[in-house]
Amino acid sequence: METPGHVLTTARLCLRPVVDADATAIVAAIHDFEVLRWLSRAPYPYGLSDAEAFIAKNRGNAGEVWMIHDAGGLVGCIGRRREFGYWLRRAAWGQGYATEASRAVLAHHFATPDAPGLLSGYHAGNTRSARVLSKLGFTPCADRRITPLSTGQEVVIKGMWLDPEDYVP
């Protein structure tokens, strides 16, 4: 369900645009190597200046990048700006939040009749993300190699693609 101001809501979550006040909560959620090791563009360690730079970069991306909140506060981020992706703080893993938030964003994306397909991917070995993307209807496409800022060591990103007709709500 979408509400004014690019806010998406689900049974347990509120997805809203990034705001300046998120900086401290973003650092608290993401400054965990077990979270950052699966991300491509976030450095480790992750500090307040990194969160402020992320916020500044995404201030104009309402409707493309959302912060994910549950009843207790910020639990992660999701977006479809360049490609579809998300991250969750470790305490939120295993609760179905990634699938729930993803379904809200994908329903929003595919509500436009001529919406294009979406590219996504996951780090080889990230079985949690592989399961989420498969559940949503993403299928394998070309893999690529990248060097994440968090580790500085090359990894394989397993490419995934979702056509509108393959989306599983």
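Is arginine 144 buried, exposed or partly exposed, and what is its relative accessibility? At 29% relative accessibility, arginine 144 counts as partly exposed; here buried means under 20% relative accessible area, exposed over 50% and partly exposed in between, with a 1.4 Å probe and protein chains only. Do keep in mind that this is a predicted model, in which local features need pLDDT of at least 70, side-chain atom pairs count only at pLDDT 80 or more, and totals for chains, interfaces and linings use all residues. Residues are numbered from 1 along each chain as its sequence is written, and side-chain values use heavy atoms, with hydrogens and water left out.

**Salt bridges**

| Pair | Closest N and O atoms |
|---|---|
| Arginine 12 and glutamate 100 | 2.7 Å |
| Arginine 81 and glutamate 64 | 3.5 Å |
| Glutamate 83 and arginine 144 | 2.9 Å |

The glutamate 83 pair links distant parts of the chain, 61 residues apart: glutamate 83 is in the loop between E5 and E6, and arginine 144 is in strand E9 (residues 144-146). Helices (H or I, at least four residues) and strands (E, at least two) are DSSP runs, numbered from the N terminus.

Arginine 12 is partly exposed at 38%, while glutamate 100 counts as buried at 16%.

Strand E5 (residues 73-79) and strand E6 (residues 85-88) pair in the antiparallel sense over four bridges; two strands pair if DSSP finds at least two bridges between them. Glycine 76 stands opposite leucine 88 in E6, and a hairpin of five residues joins E5 to E6. Arginine 82 lies in this loop and counts as exposed, at 57% relative accessibility.

**Aromatic pairs**

Rings of Phe, Tyr and Trp (its six-membered ring) pair if their centres lie within 6.5 Å; planes under 30 degrees apart count as stacked, over 60 as edge-to-face and the rest as tilted. The whole structure holds four aromatic pairs. One of them, phenylalanine 110 with tyrosine 167, is tilted, at 5.6 Å centre to centre and 35° between the planes. Phenylalanine 110 and tyrosine 167 are both buried. Elsewhere, ring pairs link Phe84, Tyr86 and Phe138 into a cluster.

Definitions and conventions
A salt bridge is a side-chain nitrogen of Lys or Arg within 4 Å of a carboxyl oxygen of Asp or Glu.
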